Amino acid sequence: MTVRDPMHFVANTKTSGEVGCKVQNVLRALRLTALFTVLASAPCLAEEANNAGASPQATVTMDHNTFIPSEIAVVPGTTVTWVNKEDMVHTVVDANKGFRSKFITKDTSFSFTFVTAGEYDYLCSIHPNMKGKVIVKPAS
Ligand SMILES: [Cu+2]
C-alpha cells in the first residue's frame, strides 16, 4: 500500500523554486493558472465522454442470413446496434412498426434505443424468414 505525503511534496516544490523578482513571480503564477485551467478542464471532458459511453449497449450481427443472437434480453435504455457482416443487404424492421432501418450494407450498422419494456419481434424485410427478437425488461 502506498501512502502519499502531500506536505512533503509541497515543501519540496517550494524549496526547489527560484527566488526571482516580483514581476517574474506574478508571470509564473499566471502561467501556472493557465496551465491548471487546461488541466482542470480536460478531465471534465473525459468524464462526460465516459458517462456517455456508460449507457447500456448491445450488438446483433447479421451473417449467413441470420440475426446473431436471434434473441437478446436488455434493460430499458439499451441501444442495440445491428451490424451487417456479409455481402447480402439486410434490414431491421419491427413487426409493430416501432423502428425500421434503411438497407444495411456490409460493414454498416443500424441502431435503436429501447426505452419501453416489452418484446420486440423484428425481421429483415428482404428475407422475411430472417427473424429476431429483443426483450426489454427492467433489471431485477
Ligand atoms: Cu436480409
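So, a nonpolar core here means a set of buried Ala, Val, Leu, Ile, Met, Phe, Trp, Tyr and Cys residues joined through C-beta atoms within 7 Å. Keep that in mind, and keep in mind too that this is a predicted model.

Okay, the core. The largest one has 14 residues, and the members that touch the most others are Val80, Trp82 and Val92. Which elements give two or more residues to this core? Those are β1, β4 and β6. As a general point, nonpolar side chains tend to be buried together in soluble globular proteins.

Setting aside its neighbours within four places in sequence, Val80 is in contact with Ala58, Val60, Val74, Ser111, Phe112, Phe114 and Val134.

Now the sheet. It's open, with four strands in the order β2-β1-β4-β6, and the pairing is mixed.

Let's look at the pairings of β4. With β1, residues 57-63, strand β4, residues 78-84, pairs in the parallel sense over six bridges. Two partner pairs you can pick out: Gln57 goes with Thr79 in β4, and Val60 goes with Trp82 in β4.

Then there's β6, residues 109-114, which runs antiparallel to β4, again with six bridges joining them. In that pairing, Thr79 stands opposite Thr113 in β6.

Methods: Residues are numbered from 1 along each chain as its sequence is written. This is a predicted model: local features need pLDDT of at least 70, side-chain atom pairs count only at pLDDT 80 or more; totals for chains, interfaces and linings use all residues. Two strands pair if DSSP finds at least two bridges between them. A residue is buried if 20 or more other C-beta atoms lie within 10 Å of its own, exposed if 12 or fewer, and partly exposed in between; C-beta atoms are placed from the backbone. Two residues are in contact if their C-beta atoms, placed from the backbone, lie within 7 Å.
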